[in-house]
Amino acid sequence: GFQAQRDFLADAAHELRTPLAILAAHLDTMDDKSRASMLRADVDRMARLVNQLLMVAQLEALTIRPDDKTDLAELSTELAALLAPLAVRSGRGVAVLNADHPVLVRGNRDTLYQALRNLAENALRFTPPGSEIEIEIDRSGAVSVSDRGPGIPEAQREHLFRRFWRADRRHSSGAGLGLAIAHRIATAHAGQLTMSDNPGGGARFTLRVPWVG
């Protein structure tokens, strides 16, 4: 029954991706650009949700091979380069700390990248304009993402990694899957995803996976 449920979720997500892509292409041809822009934002949110649902289904079958290795420093630098233009446009910044030496961990590169991206994008939403998020590598096999946002009340922290759970801190446009996906990726790697207060204000999420050198 569990396998059937997972397969159904994956198949449904796959089937939804094509019509959403076609709809987005049609919106690009509309004469009313203002209305098209608003509708495109809705389509983009639906597409993101579909991709997250597909990721949830795929993670249930994720296995880490003994020879899977990833450099957290390289991963963090690559992600920062990807997010920097988006951050600058919104008046924010992205800093990478302690990435001058490789930090190899046992893990699947693509899924660890997705987990880190979820954490960084989440941080960018809540850090205020004029500030920056920090991606900090620990040589023991961990990477932390910190923001300067409002933080998370103690009473809400036990719910953070539940699927579809959202607090007031989250934008209403989100589905409440980003942190749940990152947590599942950490668990699949025999690792941990934890949250703590960021000194000076904000939240800090730390992803820790087995270190190999």
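The legends below describe several close-up views of one predicted model.

Residues are numbered from 1 along each chain as its sequence is written, and side-chain values use heavy atoms, with hydrogens and water left out. Because the model is predicted, local features need pLDDT of at least 70 and side-chain atom pairs count only at pLDDT 80 or more, while totals for chains, interfaces and linings use all residues.

**View 1. Strand E5 and its partners.** Two strands pair if DSSP finds at least two bridges between them; strand E4 (residues 132-138) is joined to E5 by 5 bridges in the antiparallel sense, and E5 also pairs antiparallel with strand E7 (residues 203-208) over 5 bridges. Ser 144 of E5 is the bridge partner of Glu 136, and Ser 144 also has Thr 206 in E7 as a bridge partner. In the hairpin of E4 and E5, with 3 residues between the strands, Gly 141 takes a positive phi near 110°.

**View 2. The two faces of E5.** In a regular strand the side chains alternate between the two faces of the sheet. In E5, Ala 142, Ser 144 and Ser 146 lie on one side and Val 143 and Val 145 on the other, and all are buried (under 20% relative accessible area, with a 1.4 Å probe and protein chains only). With 5 of its 5 residues buried, strand E5 (residues 142-146) is therefore largely enclosed by the rest of the structure.

**View 3. The hairpin of E6 and E7.** Strand E6 (residues 192-197) runs antiparallel to E7, joined to it by 6 bridges, and Met 195 stands opposite Phe 205 in E7. The hairpin has 5 residues between its strands, and Gly 200 in the turn has a positive phi of about 95°.

**View 4. The largest nonpolar core.** A nonpolar core is a set of buried Ala, Val, Leu, Ile, Met, Phe, Trp, Tyr and Cys residues joined through side-chain atoms within 4.5 Å. The largest has 34 residues, and among those touching the most other members are Leu 119, Leu 193 and Phe 205. Helix H4 (109-126) is one of the elements that give two or more residues to this core, and H4 gives the most, with 8 residues.

Key
Buried means under 20% relative accessible area, exposed over 50%, partly exposed in between (1.4 Å probe, protein chains only). Helices (H or I, at least four residues) and strands (E, at least two) are DSSP runs, numbered from the N terminus.
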